[in-house]
Structures are given as C-alpha cells and as structure tokens.
Amino acid sequence: MKARKGRQEVIKELIRNGEIRTQGALVKILAEKGYSVTQATVSRDVTDLQLKKLPGGIYVLREDLHLMRMVSELVLEVLQAGNFVIIKSQGGSAPVVAAALDHAAIDGVYGSVSGDNTVLVVCDTDVTATSLREKIDSYLHLSIR
C-alpha cells in the first residue's frame, strides 16, 4: 500500500509538471525513477487518481481540470508581487476562482482571499509564486469542454 501511495504521489507530480500523453510514457518515466510497474498498474493508478485527458491528449489531475476551466473562462489577468499572486477575474467570479485554486491543493500555496473580481494568493516563496503565475497564465487561453 505504501509503495502505491508513493508512486501515485510521483505520478501526480509528473502530471502537474510535464506533458504526459500516454500510460506507456508514465511507465517509462516511473522506471527511470526506480518504480518497476506494468502498464496495467499504471492504468489502475490513472483510474485511482481520476486523471483526465485534455483534447490535446495531455493527462491532467481532476482538480487541476476544474481550475483550468475556471481560469480559462473567468480570469482576465495574472500578476505577481513577490510571493503573492494576484488574479483579476470577471466581476463576481473571484470567489469561484479562489475555491478552485484552493481545491487544487498546490504545494507551496498557503491560501487565497477573494473579493468581487480579484483573488490574492499567498505562496511560501517567490519561486512558488512565479511557478503558479506561469501555470495560471498558461491556462488563460485553453479551450476546455
């Protein structure tokens, strides 16, 4: 059980930080990281983690998919000030965007505070904030159904 949990955490990290398109690619990368698994094992992990595929064929975490949708539909601009990320959204939508961000449970993101059209996100470091800003910025023009 412990090996599965650790492997699934590695898979989540790989999915969040890369562009994984196939289960075979996951098997190969996991092997490089010391996990000897079969495609059937990875298939069960994909089901357990509720991974989804974007129209372009890239795996994403279910909670990230919700955040991607909210950002692509509601966010207008993303800014950064040190370890803070400021998300400007359509009027009245900031609480929904903040909730999606909180639900994604991104490492190094302490939390968010929302107003009507602005979300303030507090990160542990400037590096985390930069990574988050870049991630949210990349979601701005996605077309997700």
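A: One begins with the elements: helices and strands are DSSP runs, numbered from the N terminus. The model considered here is a predicted one. Its protein chain has six helices and six strands.

Q: In what order do the elements of the protein chain run from the N terminus on?

A: The order is α-α-α-β-β-α-β-β-α-β-β-α. The radius of gyration of the chain is 16 Å, close to the 15 Å that the globule rule gives for 145 residues, so the chain is as compact as a globular protein of that length. The C-alpha trace spans about 50 × 30 × 20 Å along its principal axes.

Q: How many of the residues of the protein chain count as buried, as a percentage?

A: A residue is called buried when its relative accessible area is under 20%. Of the 145 residues in this chain, 42% count as buried.

Q: At what angle do the axes of helix α2 and helix α3 cross?

A: An angle of 65 to 115 degrees counts as roughly perpendicular. Here the axes of α2 (residues 23–32) and α3 (residues 39–48) cross at roughly 110 degrees and come within 9 Å. That makes α2 roughly perpendicular to α3.

Q: Which residues of α2 and α3 meet?

A: From α2 come Gln23, Leu26, Val27 and Leu30, and from α3 come Gln39, Val42, Ser43 and Val46. Sorted by class, this contact of α2 with α3 has five nonpolar residues, three polar ones and no charged ones.

Q: Is leucine 26 buried or exposed?

A: Leucine 26, which has its place in helix α2, counts as buried because its relative accessibility is 0%. Leaving aside neighbours within four places in sequence, leucine 26 is in contact with Ile11, Leu14, Ile20, Val42 and Val46. For one of these, isoleucine 11, the C-alpha atom is separated from that of leucine 26 by 7.6 Å, although the two residues are 15 apart along the chain.

Q: In what order do the four strands of the open sheet stand?

A: A sheet is read by asking which strands pair, and two strands pair if DSSP finds at least two bridges between them. In this open sheet the order is β3-β4-β6-β5, and the pairing is antiparallel. The edge strands are β3 (75–81) and β5, each of which pairs on one side only. Neighbouring strands are turned by 20 degrees against each other on average, direction ignored.

Q: How many bridges join β3 to β4?

A: Six bridges join these antiparallel strands. Within this pairing, glutamine 80 stands opposite valine 85 in β4. The hairpin of β3 and β4 has two residues between the strands, and glycine 82 takes a positive phi near 65 degrees there.

Q: Over how many bridges do β4 and β6 pair?

A: Strand β4 (residues 84–89) and β6 pair over five bridges in the antiparallel sense.

Q: What do β5 and β6 form?

A: They form a hairpin with three residues between them. Five bridges join β5 (residues 109–114) to β6, and the two run antiparallel. In β6, leucine 120 is the bridge partner of valine 113.

Q: Which residues make up the covered face of strand β6?

A: The faces of a strand can be read separately. In β6 (residues 118–123), Val119, Val121 and Cys123 make up the covered face, whereas Thr118, Leu120 and Val122 make up the uncovered one.

Q: Is leucine 74 buried or exposed?

A: The cut-off for buried is under 20% relative accessible area. Leucine 74 is buried, since its value is 18%. This residue lies in helix α4 (residues 62–74). Not counting residues up to four places away in sequence, leucine 74 touches Ser89, Gln90, Ser93, Val96 and Val97. Leucine 74 and serine 89 are 15 residues apart in sequence, and 5.5 Å apart in space from C-alpha to C-alpha.

Notes
Residues are numbered from 1 along each chain as its sequence is written. This is a predicted model: local features need pLDDT of at least 70, side-chain atom pairs count only at pLDDT 80 or more; totals for chains, interfaces and linings use all residues. Side-chain values use heavy atoms; hydrogens and water are left out. Axes are lines fitted to C-alpha atoms, for helices over the stretch in contact, and angles run from 0 to 180 degrees between N-to-C directions. Angles under 35 degrees count as roughly parallel, over 145 as roughly antiparallel, 65 to 115 as roughly perpendicular and the rest as oblique. Contact means heavy atoms within 4.5 Å. Ala, Val, Leu, Ile, Met, Phe, Trp, Tyr, Cys and Pro count as nonpolar, Asp, Glu, Lys and Arg as charged, and the others, Gly among them, as polar. Buried means under 20% relative accessible area, exposed over 50%, partly exposed in between (1.4 Å probe, protein chains only). The radius of gyration is taken over C-alpha atoms; the globule rule is 2.2 Å times the number of residues to the power 0.38.
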